[in-house]
Amino acid sequence: MAEEVVRLRRRVEEVESLEAQRAQAEAALRDSEERLRGFAAAASDWFWEMDSELRVSFVSKRLEEVTGVDPNAILGKTRQELGAGDTDTEKFDAHLADLQAHRPFRDFRYVYLAADGSRQYWSISGIPLFDRDGGFLGYRGTGRNLTEEYHARRMAFEAQDLLLQAVESFSAAVALFDADDRLLLFNDSYLEFHNTCSENIGPGMSFAELIRSQTRNGLIPAAFGREEEWIAERMERHLHPRDEFEVERSDGIWLRVREERTANGGTFLTATDITETKVIERAEQEIRDRLHAVIDHLPAGLTLKDQDGSYLLVNQQFRDLYGLQEQTLVGDTAFDHFRQSEAEVFRAQDGMVLKTGVPMEVESEVTCANGEKVFAMITRFPVRDFAGSPIGVGGIHVDITDMKEKEQELRVARDEAERANRAKSTFLANMSHELRTPLNAIIGFSEIMEQELFGPLGNDHYSEYAVDIRRSASHLLSIISDILDLSKIEAGRMELHEESIDIGSAVRSCLNIVKEAAANAGLELVAVLPDDLPLLQADKRAIRQILLNLLSNAIKFTPKGGSVHTEARIEANQEFTLLVRDSGIGMSEQDIDLVLQPFGQIENPHTRSHDGTGLGLPITKSLAEMHGGHMTVRSKVGEGTEISVRFPTRRVVSSAAGDGLPSLRSA
């Protein structure tokens, strides 16, 4: 009995032990199932099973939660009956073949067409089940809903496609490098950027490889002879992007490159073709260089200032003129380089030009940087904008120091010459009595002797000598009179006694005086005197002297058989003209300039055969100018000379108005 109790106790203990082990095993199984269920849930959205006839025999309720599809709509259907939407036929056939061959499959993706017509993207994986004898029992597997993933991927693809289209549409070269500095995407313009080495460019190529390819192909002139140094500099700029920079290619293309770091550590690069801009800039620079070359070689200093008086442009001549070669002037004002008083004058003159818009020319004495003074002729002019408003002042500075010194020398010489001339004229004017008195006595005594008033001289030679003495004395008196008249005119002591003159009568009177000389010379005298000639308000003696001087010259320089033509007329502009024309030897242009100078005489055989001082025409010219008129000489060698004296309209009066006019005196 005791043994049975012991056996029973042992049996109970064994049962209790087995129960405890079972409980532990169940707990472990539950834990394992929970873990398996957790892994399965994490790896899939739902579970499914197929029987040996490949019909769906089980679908977890999770299917409806994830896809909205009722599991009952799938149960009992084969894979062919469920279909795969518009999934690739070849791919679906391969999946059916796996099922028929009872092979495991993983991640078969297909399109599920729901009852409402919507499209969902599913992925299923499965393993075949066999009994202990190897009999096929069916499939057990998992499923995942990839619809949202597909939609997200499609949006990503669309976004990437749009990005690629946008990048490709850029005229600029565009490239994107990832965080490892490898080429991720680029457009055709980026390939053109690399020119001859573009065939070797592709995704995954590092930036370092790209720039080495450029240097190997001689694409970058700046790298010639210093390839490694240039590569190091370029890598430094690439890894630490700063401001955009310019690159010149060996084919003459210029690019402006800009690099920026992306949020994920990559680099976004753009390169814009600026060749046309560089060509324009280069042309503009050449124009500026040429303009500066011209400006710096102008024979005058040139400046441009803004409205505040700051220098915008200064050429080299300006610096040389004022001794400012080593100083920076652009941006400065006159107060920075000239004396305060001079700078204030400059500012005031600039302000006047800006205010009025009218150029200004002034002579200024300016102190140079070394303390020396120069005289400058400064022309200031307004610089205007497109609207025509003054926005600045330009200045042209010409050194006139030498000219001012010569002017001073000439002024001194002129003053001395004027003093000497006045002294000469005064001397001659004062000597008129002393010279004329003895000459008149000589002429008078020689006439008495010539006429033998006190009896015969006793010898014919004495009579001839008396005639020669009278002629010589008369000629000398004429010369002295001319000299004295010219001296009076130059000294301002000649006075006009004006009255209304009948010019016709004056001309006839003068012709009577010279007719004997004309007859002796074998010349014809012709006069044209209209009956309706008005009177002329003038000095009668001066008019007679003008006519006699012109007639005497004409007779003196006209060969035998010629003629002397005298005319008085009123011009279309109502000026009164006295004209004497001859058919004599004539003069050249140089001779005309000579005879109009005091004591000027033409040297030729014909002129040397006649006496004269060369004062007749200068006196005639001066007398005409004293009346407000002018004398004109026209002549041609071998054809003759025409001399006209014109009096202003204000001196012309009618005969009626002229009667009874009082005599006038004028200096």
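Student: What should I keep in mind about the numbering and the model?

Tutor: Residues are numbered from 1 along each chain as its sequence is written. The model is predicted, so local features need pLDDT of at least 70 and side-chain atom pairs pLDDT 80 or more, while totals for chains, interfaces and linings use all residues, and side-chain values use heavy atoms, with hydrogens and water left out.

Student: How many helices and strands are in the protein chain?

Tutor: There are 20 helices and 24 strands. Helices are DSSP runs of H or I with at least four residues, strands are runs of E with at least two, and both are numbered from the N terminus.

Student: Why is Leu523 called buried?

Tutor: Buried means under 20% relative accessible area, exposed means over 50%, and partly exposed is in between (1.4 Å probe, protein chains only). Leu523 has 11%, so it is buried. Across the protein chain, 37% of the 667 residues count as buried.

Student: Where is Leu523, and what is it in contact with?

Tutor: Leu523 sits in the loop between α15 (503-520) and β17 (524-528). Contact means heavy atoms within 4.5 Å. Leaving aside neighbours within four places in sequence, its contacts include Ile555, Pro559, Gly561 and Val564. Gly561 is 38 residues away in sequence, yet the C-alpha atoms are 5.4 Å apart.

Student: How many contacts in the protein chain join residues 24 or more positions apart?

Tutor: They account for 51% of the contacts with a separation of 6 or more.

Student: What makes Ser364 buried or exposed?

Tutor: Its relative accessibility is 10%. That is under 20%, so Ser364 is buried. Ser364 lies in strand β13 (residues 360-367). Not counting residues up to four places away, Ser364 touches Val374, Phe375, Ala376 and Ile378.

Student: Which residues of helix α7 are buried, and what covers them?

Tutor: In α7 (residues 207-216), the buried residues are Phe207, Leu210, Ile211, Ser213, Gln214 and Thr215. Their cover includes β6 (173-177), α6 (188-193), α8 (227-239), β9 (254-261) and β10 (267-273). Just after α7, Gly218 takes a positive phi of about 65°.

Student: Why is the pair Glu233 and Arg226 called a salt bridge?

Tutor: A salt bridge is a side-chain nitrogen of Lys or Arg within 4 Å of a carboxyl oxygen of Asp or Glu. For Glu233 and Arg226 the N to O distance is 2.7 Å, so the pair qualifies. Glu233 is partly exposed at 41%. Arg226 is partly exposed at 26%.

Student: How do you know that Arg144 and Asp107 form a salt bridge?

Tutor: Their closest N and O atoms are 3.7 Å apart, so the pair is within 4 Å. Arg144 is in strand β5 (residues 136-145) and Asp107 in strand β3 (residues 105-113), 37 residues apart. Arg144 is partly exposed at 28%, and Asp107 is partly exposed at 31%.

Student: What makes Arg581 and Glu642 a tie between parts of the chain?

Tutor: Their closest N and O atoms are 3.3 Å apart, so this is a salt bridge. Arg581 lies in strand β20 (residues 576-582) and Glu642 in strand β22 (residues 640-647), so the pair ties together parts 61 residues apart in sequence. Salt bridges that share partners also join Glu244, Glu246, Arg256, Arg258, Glu260, Lys278 and Glu281 into one network. By this rule the count comes to 32 salt bridges.

Student: Which residues form the nonpolar patch?

Tutor: Ile442, Tyr462, Tyr465 and Ile469 form it, with about 400 Å² of accessible area together. Areas come from the Shrake-Rupley method with a 1.4 Å probe; for residues, only the protein chains shown count as cover. Ile442 has 39%, so it clears the 30% cut-off. Ile442 lies in helix α13 (residues 432-451), while helix α14 (residues 460-491) gives the largest share, 3 residues.

Note on methods: Patches are made of residues with over 30% relative accessible area and no salt bridge: like charges are joined within 9 Å, nonpolar side chains (Val, Leu, Ile, Met, Phe, Trp, Tyr) within 5 Å.
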